[in-house]
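Student: I would like to go through this model one question at a time. Please show me the structure before we start.

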Amino acid sequence: MKKILLAALSLLAAFAFTACNEQKQEQAPKTVTVMIYSEYIDPAMLDDFEKKTGYKLQLELYEAQEEMIGKLQAAGTSQYDVVIASDVVIQQMVHLGLIAPIDTAKVPNRVNIAPQFMGQAYDPTNTYTIPYLWGTTGILFHGAKVNPDSVSYSMLFDATKTKGNFSLLEESRSMLSMALQALGFDANSVKQEEINKAVELILKAKKDKNFLGFDGSVGGKDKVLSKMDWAAIVFNGEAQAAIDEDSTLQFVIPMEGSFMWVDAMTLSSKAPNVEGAYAFMNYILDAKIGAQLAKYINYATPNKASLEVIDDEFKNNRVINPNEQEIKRMVFLADPGDAAKLFDEAWTIVKTR
Amino acid sequence: MAQQVTEVFEGKLTTRSRMRKFGLLLTGPGMLWLLVFLLLPTVFLVVMAFAQRGSYGTIDWTFSLGNFKKLLGFSSFGWGADNLIIVWRSFKIAIITTILCLVVGLPMAFWIGAHSKRTSTLLLALVMVPSCTNLVIRTYAWMILLGAQMPPTWFARLLGFIGEAESLYPGTFAVYVGMVSCMLPFAVLPLYTSVERLDWGIVEASRDLYAGPIRTFYHGILSQMMPGIVASVVLTLVPTLGMYVVSDLLGGAKFILIGNLIQQQFFGTALDWPFGAMLGIVLIISSVLSLVAFQKVGGKNFV
């Protein structure tokens, strides 16, 4: 009996040992795991990156920031090397210990970053983020072309001015901040009475018979393209894709303002392949690669060296690259801190009544 | 030794204690499964429900009744019936979906049962086949089918159900179409099983005793089918209570259900896991209660 037990135990130990070994061997061809929005990289870059750096690029896709943070918290940060995260969640991720400071010396191409992405509220010390792409948020609509600087949010929030079905943005913080701006408040306001007024404004729009529902940027774009919607709130990348298909569409930054956003590359706090992560960041910050990425995704590049190699048509397109006047009326959304609770409760009211 | 009772099991003499040990061995894995995957998580959920949300979605493990108050509608914006409305709306949709599934599923089960064994197996397989496709993909298919440029919308306009400029999607009708098409297989399967087991002799007897068609159906068929109906209600009601993908996609995401609210706490902007746990408990308790109530009512009326 003892012998059998011993044999079984040694067999088990052998199994465990080989299993460990196998795991180590599997990791040997080094991969860089990047957690990224779906359809947010040029697929050609997967091979190109491996060719240039020797690292295999593996993408883990997500659809929403909240989902990404949930995954990082539940599955652990050791599964990923680079995490692409929006500006609004950076401070939260730092606080939760999900991302680590970047050793800037390891990313020499960092000098290419345009100055307006340095020292912003989402990363005041520039230690956690390297911008990936950036963009704006506005209204995409059908109809006769109008002066882009004369369009007001009232085209959505005033029932007497809606000319057809419209969708609002299915993202609590963003939508509430736009409603705040429509009312003339600061987009980053955390004052309860102001948020309350923003809630009332959205609830009023919900009662409009032309209100079709809440949609993400892609869903809104699809609805406008298929003429189900007359207008929708979308990001500029989606707007450009829609305008490419139907040139009669127009995209505007409302005169009351809206928000711009930046998606940044961050280093996962337990990244198994830190060197690979830096290699990826450096690769994306390359002038040519940055230009290729921006053109493929149709978003603006934060890379000033890329802007020099990109063609003028892309550079002068106001949908992708807003002019100074438009940039002036836009803000980055700051981390709301504990006021996040306020926004959430406000959103529950918006989606219930 | 004398007090040991001798029993016969599988043709062999054995003792009670030995049988008990054997029984424990057989049920052990199942009980362990329930312990690890049902009891422990539920206990954890209950404990978490009385914790608090720390900053940035962390969990503050000090006991508090805050979530309970929040559940009852006390928020930073004062009291509002929002959470209660959400629970009520979820129940409404779940109950209507269940009833629709029964109304569509019962005739379907009888129709399938009326065929030969081979054909009915094939028909049953056809009922199940759509479930092989991902729910979200099926829902997207409905979005396209019920869109403004599609025949169902023309037809509805022609009959005057909707206005000229409206379409079936997004809307309440689309939500129920999506819900019923998703849950129907789960409703039909147990119904079919009880149709198959029907003792038609009872129907004959009831006819012989001059019972009308309604009474025959009620006492002769429905009472026999009660286990199947209960099972199909359980299988439709419970999952529909927590479902939110279909209503979001087909309803235009105008209103949220308890499923959305829970999702919002765990993966949404709220990052309030303790409140999500509290909502999860509400969902568990309310589905268990509604099932118990249904079984009591159903059982009484049909015996």
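Predicted model: local features only at pLDDT ≥ 70, side-chain atom pairs only at ≥ 80, totals over all residues.

Student: How many nonpolar residues are in the contact of H7(A) with H15(A)?

Tutor: H7(A) brings Gln192(A), Ile195(A), Val199(A), Ile202(A) and Leu203(A) to the contact. From H15(A) come Leu342(A), Ala346(A), Ile349(A) and Val350(A). By class, there are no charged residues and one polar residue, and the nonpolar residues number eight.

Student: How many Å separate the centres of domain 1 and domain 2 of chain A?

Tutor: The domain assignment gives domain 1 of chain A as 27-134 + 262-322 and domain 2 of chain A as 135-260 + 328-352. Taken over C-alpha atoms, the separation of their centres is 26 Å.

Student: Which element gives the most to the side of domain 1 of chain A that touches domain 2 of chain A?

Tutor: The contact takes 16 residues from domain 1 of chain A and 16 residues from domain 2 of chain A. On the domain 1 side, two or more residues each come from helix H4 (87-95) and strand S5 (130-141) of chain A. With four residues, the element that gives the most is H4(A).

Student: What percentage of the residues in chain A are buried?

Tutor: The secondary structure of chain A comes to 15 helices and 11 strands. A residue is buried if 20 or more other C-beta atoms lie within 10 Å of its own. Of the 353 residues in chain A, the buried share is 47%.

Student: Which helix of chain B is largely enclosed by the rest of the structure?

Tutor: The buried residues of this helix include Ile258(B), Leu261(B), Ile262(B) and Phe266(B). Gln263(B), Gln264(B) and Gln265(B) are also among them. Nine of the nine residues in 258-266 of chain B are buried, so the largely enclosed helix is H11.

How values were computed:
Residues numbered from 1 in each chain as written. Chains lettered and ligands numbered in written order. Buried ≥ 20, exposed ≤ 12 C-beta atoms within 10 Å, placed from the backbone. Domains from an automatic or database assignment. Contact = placed C-beta atoms within 7 Å. Nonpolar A, V, L, I, M, F, W, Y, C, P; charged D, E, K, R; others polar.
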